[in-house]
Number of protein chains: 2
Amino acid sequence: MTVTEPKPMHKLDPKLIVPFVNSVRLVMSTMTGLAVTVGASKIRTIPGAEFDYSGIIGFSGGIVGTVVVSFQKAAAVQIVEAFAKCPIEPDTADFADALGELTNMIAGAAKKEFGANASISIPTVVMGAGHVITRPSDVPCVSVPCSAAGASFAVELSIRKT
Amino acid sequence: MTVTEPKPMHKLDPKLIVPFVNSVRLVMSTMTGLAVTVGASKIRTIPGAEFDYSGIIGFSGGIVGTVVVSFQKAAAVQIVEAFAKCPIEPDTADFADALGELTNMIAGAAKKEFGANASISIPTVVMGAGHVITRPSDVPCVSVPCSAAGASFAVELSIRKT
């Protein structure tokens, strides 16, 4: 995948980032029991990092935009197994459902913390080794890098208050 | 990518499909000048067909759900070139922006035809050879197969009226 020069991005309100840092910690610790490290959030470059699995969820109402939770395969396999309490074959409907449900929980917990009158959509899950997800070049996006059991995942936020 | 047995799916209202058949014809003919063939819509299997580029857009309000426009690379390259009136290097931000804009136009034209008080989100674009996109197993999804210049793309609908 060719990575082109990042274009200049607008800022994203830091108050919109903290609820996701909290929700990813909460959901991962309560639902998988895995220790999660959350790194410093940073502006996403375009096209950006490659991942193997992504859960995508839309916000509408008081908060609008998209939240993407992207996993390297090693992270996805371990997180799904810890979540389901048994191994699940990658690239199956059950595997995608588990990642979609985790994405839904992370977005849902953050939504509660906002207290805004926002709705979240049904999750869409992308499965494909080394895929890249982009938003329009002029839309700000912040990536929150995370790791669990030595493997990487990231929560990518492209949202704003209305 | 392993393809597992399709799970039973609910039906999607045919009245929600026709506006997208019309909008894909309209947008492709006016914006790219390419002749587009639209096949019979069918229930999506899980995980489903592999594509190389996908534009994803969310609906909220009177219509809720997700619309995905997925392209094989040959189709994406030709459609983007016809849309931009010049070749654009695949896997760049400009290439993704063009596919996102086409997805936005297709969803926007269908939304107008619904006449419902619906909103559409900013498009998200997935770039990755042979990726598969899924929704939760119990959410109905209809695929409208299309082709342009001998290459395949598809409009996948997972929407309902509220």
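**Close-up views of chains A and B**

In β6(B), A:V126 has B:I133 as its bridge partner. The model is predicted: local features need pLDDT of at least 70 and side-chain atom pairs count only at pLDDT 80 or more, whereas totals for chains, interfaces and linings use all residues. Residues are numbered from 1 along each chain as its sequence is written, and chains are lettered from A in the order in which they are written.

**View 1. Strand β6 of chain A beside β6(B).** These two strands pair in the antiparallel sense over 6 bridges; strands pair if DSSP finds at least two bridges between them. Strands (E, at least two residues) and helices (H or I, at least four) are DSSP runs, numbered from the N terminus.

**View 2. The side of chain B that touches chain A.** Here 36 residues of chain B are in contact with 36 residues of chain A, contact meaning C-beta atoms, placed from the backbone, within 7 Å. The largest share of this side of chain B, 10 residues, comes from β6(B).

**View 3. Surroundings of B:L99.** Beyond its neighbours within four places in sequence, B:L99 is in contact with residues including B:Y53, B:F71 and B:V125.

**View 4. Strand β7 of chain B.** Because 5 of its 7 residues are buried, β7(B) is largely enclosed by the rest of the structure; a buried residue has 20 or more other C-beta atoms within 10 Å of its own, with C-beta atoms placed from the backbone. β7(B) and β8(B) pair in the antiparallel sense over 7 bridges, and B:C146 stands opposite B:F153. The hairpin of β7(B) and β8(B) has 2 residues between the strands, and B:A149 in the turn has a positive phi of about 50°.

Notes
Contact = placed C-beta atoms within 7 Å. Buried ≥ 20, exposed ≤ 12 C-beta atoms within 10 Å, placed from the backbone.
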